[in-house]
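Hi everyone, thanks for making time. Let me put the structure up, and then I'll walk you through a few things in it.

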Amino acid sequence: MSHAVWFYVTLICGNCGAEVHDGESNLHTPGLLPDPVDRITRENDLIEAEPIDFPEAYFEIGKPEQGGEVRALEQWSCPICNAVQWARLEFRQEDAEHFRFIKAQTVALTPEILRHMHYASRRLEFWVQDHPGPESDRLREVLGAVWRSSHSGAPERKK
Ligand SMILES: [Zn+2]
């Protein structure tokens with residue numbers, strides 16, 4: 001997929017315990033940067049992103065505080081056991097046009113964790129569709145308002 005940001009970090013698989021490095025985790029977010037090419041970012045790197053870029057790339061669950069921590073949930077997969085799972089990405093805004101990628105770590109996908117995020121991967125919608133059940137229903141509740149607004153046919157905000 002073009003113009004994605006790849007997060008090169010070390011993640012621990014929540015299923016088999018493997019230590020997964022750099023691009024092996026497949027941890028990336030499409031559409032976060034307007035660049036026509038993929039970017040690789042490592043912990044503490046700056047990325048050229050503006051606040052408006054985050055709701056373009058992710059579902060917006062809550063607005064981050066000005067200058068505060070920005071938390072996003074993104075999907076990754078273990079190359080050893082193939083378990084599809086989730087990572088919490090942490091950013092901090094440095095100025096009007098830059099964010100610093102602070103770190104990423106594996107998290108369990110629960111409604112409580114989702115509620116704590118500002119942004120969530122677009123892949124979450126497919127996950128919930130593929131995993132019907134009470135837990136997915138609770139995730140759906142957290143995302144309900146976001147999905148309704150994104151599916152209502154309202155005009156998309158253009159840059
Ligand atoms: Zn694994």
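**Two asparagines, a sheet and a caution**

Let's start in the loop between β3 (19-20) and β4 (28-30), which is where Asn26 is found. Before I say more, please keep in mind that this is a predicted model. Asn26 is not a glycine, yet its phi is positive, at about 60 degrees.

Asn44 counts as exposed because it has 10 C-beta neighbours inside 10 Å.

Now for the sheet. Three strands form an open sheet in the order β4-β1-β5, and the pairing is mixed. β4 and β5 are the edge strands, each pairing on one side only. On average, neighbouring strands here are turned by 20 degrees against each other, direction ignored. If you zoom in on β1, residues 4-8, you'll see that it pairs with β5 in the parallel sense, over four bridges. Phe7, for instance, has Thr41 in β5 as its bridge partner.

Last, how far can we trust all this? The chain has an average pLDDT of 90, and 91% of the residues score at least 70. Residues 152-159 are where I'd ask for caution: pLDDT stays under 50 there, and the model has two contacts beyond four places in sequence for this stretch. Where pLDDT is low, the predicted coordinates should not be read in detail.

Thanks, and I'm happy to chat.

Note on methods: Residues numbered from 1 in each chain as written. Predicted model: local features only at pLDDT ≥ 70, side-chain atom pairs only at ≥ 80, totals over all residues. pLDDT = per-residue confidence, 0-100. Contact = placed C-beta atoms within 7 Å. Buried ≥ 20, exposed ≤ 12 C-beta atoms within 10 Å, placed from the backbone. Pairing = 2+ DSSP bridges. Axes fitted to C-alpha atoms, helices over the stretch in contact; angles between N-to-C directions.
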